[in-house]
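Hi,

Here is the structure I promised to pass on.

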Amino acid sequence: MDEIDFYLMDLESKFKKINPKEYYLSYSGGKDSHFLYWFIKKYLHDTEIEIVSVNTYMEHKEIRERMYKYADTVLIPKMKPFEIKEKYGSPCFSKIQDDFINRYQNGCRSEYLLKHIYGYTFVGSDKKEYKTLFKLNNNARELLLSGKLHRVSTNCCKYLKKLPFKAFEKETGKKAILGVRAKESNMRKSQYKSCFTKDKKFTPLYDLSDELLEKIYKKYDIEIPKIYEYIGRTGCAGCPYGSWKRETKVELDLLPENQRKFVIEYFKESYEVLGIDYKHKQERLDLGENKE
């Protein structure tokens, strides 16, 4: 038995811990959630777990088409992207930093928040000195404190993704199966340490490595969208949160012209702050769908 067979058998044993009728797969069309789709439908031959997606209006065309092809249900958010931007602001640096910035811009000046804004050490109730783990980077802090930063918020993710799924869960009583993996970020390492979250969401891939996932995809010839030839992860097209991997610019250049203009208008202020060149397009990047 090789490592792939061993992992798939172990994954099957994890799925035996849940009642299929009580869970749904949160399907984004990306590699992790599609692997779970393949495992549920092709490996387990399960017909009871519902496949559910949400059309955020911000997906890459290839990913959106996969959602409508494979999902049993596609949810639609109550708010559209520009409605969210007008009311709350737009994403910029990272979810953690943007949350601090949003609170500050909304008038909060609590000691807790200021510790993260300035990033200084503090003495706790136990008289020990602690250094703030999460803080703003220097550029974000300077722009925020000088009043030069546009309205920043993480509510884009909240209203386009999280709330539609929460409404679905409330209506159906089902819990989510999530294709999240702990290795994807330091925050996820602390959040996902077992198959279940505190609220009983099922996260069976929490311990799956990139290397093993690639081997499984190759062995079973699982479908991979062409966009993965250019970027490592797919989410909302052109989201600034991919800038640290230098993928935001690549994503922009992969978009059909109409969608590219839409995305640039939505994230323009953040692109300018982050120094992302949205004015010049590399025509050599092509998914074969850039003419609309």
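Let me start at the surface: Phe6 counts as exposed, because its relative accessibility is 55%, and the cut-off for that label is over 50%. Bear in mind that this is a predicted model. Phe6 sits in helix α1, which covers residues 3-15. Together with Met1 and Met9, Phe6 makes a nonpolar surface patch of about 390 Å².

Now for the inside. The largest nonpolar core has 36 residues, and the members that touch the most others are Tyr7, Leu8, Phe15, Leu25, Phe35, Ile177 and Ile216. Two or more residues each come from α1, β1 (23-26), α2 (31-43), α3 (61-70) and α10 (210-219). Helix α2 gives the largest share, with 6 residues.

If you like aromatics, the whole structure holds 20 aromatic pairs. Tyr37 and Tyr70 form a tilted one, 4.9 Å centre to centre with 55 degrees between the planes. This pair links distant parts of the chain, since Tyr37 is in helix α2 and Tyr70 in helix α3, 33 residues apart. Both tyrosines, Tyr37 and Tyr70, are buried.

Phe267 and Tyr271 make another tilted pair, at 5.9 Å centre to centre and 45 degrees between the planes. Here both partners lie in helix α12 (residues 257-274), 4 residues apart, or about one turn of the helix. An α-helix has 3.6 residues a turn, so residues three or four places apart point the same way. Phe267 is buried, with a relative accessible area of 1%, and Tyr271 is buried too, at 0%.

Ring pairs also join up into a cluster made of Phe15, Tyr23, Phe35, Trp38, Phe39, Tyr43, Phe196, Phe202 and Tyr220.

One last stop is helix α5 (residues 95-105), where Gln97, Asp98, Phe100, Ile101, Asn102 and Tyr104 are buried. Their cover includes α4 (81-88), α6 (111-118) and α7 (138-146). After α5 comes Gly107, with a positive phi near 100 degrees.

Cheers

Methods. Residues are numbered from 1 along each chain as its sequence is written. This is a predicted model: local features need pLDDT of at least 70, side-chain atom pairs count only at pLDDT 80 or more; totals for chains, interfaces and linings use all residues. Side-chain values use heavy atoms; hydrogens and water are left out. Patches are made of residues with over 30% relative accessible area and no salt bridge: like charges are joined within 9 Å, nonpolar side chains (Val, Leu, Ile, Met, Phe, Trp, Tyr) within 5 Å. Accessible areas come from the Shrake-Rupley method with a 1.4 Å probe; for residues, only the protein chains shown count as cover. A salt bridge is a side-chain nitrogen of Lys or Arg within 4 Å of a carboxyl oxygen of Asp or Glu. Buried means under 20% relative accessible area, exposed over 50%, partly exposed in between (1.4 Å probe, protein chains only). A nonpolar core is a set of buried Ala, Val, Leu, Ile, Met, Phe, Trp, Tyr and Cys residues joined through side-chain atoms within 4.5 Å. Contact means heavy atoms within 4.5 Å. Rings of Phe, Tyr and Trp (its six-membered ring) pair if their centres lie within 6.5 Å; planes under 30 degrees apart count as stacked, over 60 as edge-to-face and the rest as tilted.
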